[in-house]
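Subject: Structure for you to look at

Hello,

Here is the structure I promised to pass on. Please open it and keep it on screen while you read my notes below.

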Amino acid sequence: LALLCDALRPREYLADAVDQATWGTLRKTLVGRRQFDELTLGILGLGRIGSTVARFAQVLGFTVRYHDLLELPESARFGAQPVDLESLFSEVDVLTVHVDGRARNRGFIDRSLLDRLPPDAVVINTSRGFVFDHDGLRGWLADACRDVLRARAERRGGDRRGADGGDRRIRHADRARSRAMRHRRVGGGQRERRRRCWPLVA
């Protein structure tokens, strides 16, 4: 949920107090593109964690879709509507992944599925990195960068790269890739969870 809010509701931590002019600039630039209640959230894997996300997402106003290997009773869906795998990727604005680490999930999300996502979709993976086919993910991100550059050029009335156009295109692509946020997986790194696990290990 924190990653979801970070992706959709921009914020900036201030180390020091700012003057009125700077504050006014921040208020104008840090603007979310869309409201939560305008978006459809897709959950891949409605297990313990996925279902918790569904519960909170409903409160925040999202329309929630999910896909899971199991046929779940309505009481275990928390308002989320089941869809097939292809529809999940095609119909959502935000996709959050919560599948387990079994061997058959390795490379499960490949380029063909990623290409079904809307061009401005947000993808959040709190599962395992190997759930994504890495070659497919790299290709999908690279194409997304090119789409950003093409749209900017069209808005400016054509390609105005000039003599250093190639280098500038690379710099823009690097900045676009930097929007892919990577975080260390915490998993069971909370103190309370570790405290509860010690008796089980012993």
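Start with a pair of charged residues. Arg102 and Asp100 join their side chains in a salt bridge, with N and O 2.6 Å apart. Keep in mind that this is a predicted model. How exposed are the two partners? Arg102 is partly exposed, at a relative accessible area of 37%. Asp100 is partly exposed as well, at 33%.

In total there are four salt bridges.

- Arg111 and Asp115 form one of them, at 2.8 Å from N to O. Arg111 has a relative accessible area of 26%, so Arg111 counts as partly exposed. Asp115 is partly exposed too, with 45%.
- Arg77 and Glu71 form another, and their closest N and O atoms are 3.7 Å apart. The cut-off for a salt bridge is 4 Å, so this pair counts. Glu71 is exposed, with 70%.

**The whole chain**

Now zoom out. The protein chain holds eight helices and five strands. The chain has 202 residues, and 28% of them are buried. Look also at contacts between residues at least 6 apart in sequence. Of these, 59% link residues at least 24 apart.

In what order do they lie?

Strand 1 and strand 2 run parallel and are joined by five bridges. In that pairing, Leu41 has Val64 of strand 2 as its bridge partner. Strand 2 (residues 63–67) also pairs with strand 3, again in the parallel sense, over two bridges. There, Tyr66 has Pro82 of strand 3 as its bridge partner.

**Strand 1**

How many residues of strand 1 are buried? Five of its five are, and the strand is mostly covered. Which way do they point? In a regular strand, side chains alternate between the two faces of the sheet. Here Thr40, Gly42 and Leu44 point one way, while Leu41 and Ile43 point the other way. Residues on both sides are buried.

Take Thr40 as an example. Thr40 lies in strand 1. Its relative accessible area is 15%, and the cut-off for buried is under 20%, so Thr40 counts as buried. What does Thr40 touch? Leaving out residues up to four places away in sequence, its contacts are Thr63, Arg65, Glu91, Val92, Asp93 and Val94.

**Helix 3**

Go back to helix 3. This helix has 13 residues and spans 19 Å from its first C-alpha to its last. That is close to the 18 Å expected at 1.5 Å a residue.

Which residues of helix 3 are buried? They are Gly50, Ser51, Val53, Ala54 and Ala57. These residues cover an arc of only 155 degrees around the axis, so they sit on the same side of helix 3. The spacing fits a general rule. An α-helix has 3.6 residues a turn, so residues three or four places apart point the same way.

What covers this buried side? The cover includes strand 1, strand 2 and strand 4. Arg48 and Val59 lie on the other side of helix 3, and both are exposed.

**Where to look next**

Send me your questions as you go.

Best wishes

Definitions and conventions. Residues numbered from 1 in each chain as written. Predicted model: local features only at pLDDT ≥ 70, side-chain atom pairs only at ≥ 80, totals over all residues. Heavy atoms only, no water. Pairing = 2+ DSSP bridges. Helix = DSSP H or I, 4+ residues; strand = E, 2+ residues; numbered from the N terminus. Buried < 20%, exposed > 50% of the residue type's maximum accessible area, 1.4 Å probe, protein only. Expected span 1.5 Å × (residues − 1). Arc of directions from axis to C-beta. Contact = heavy atoms within 4.5 Å.
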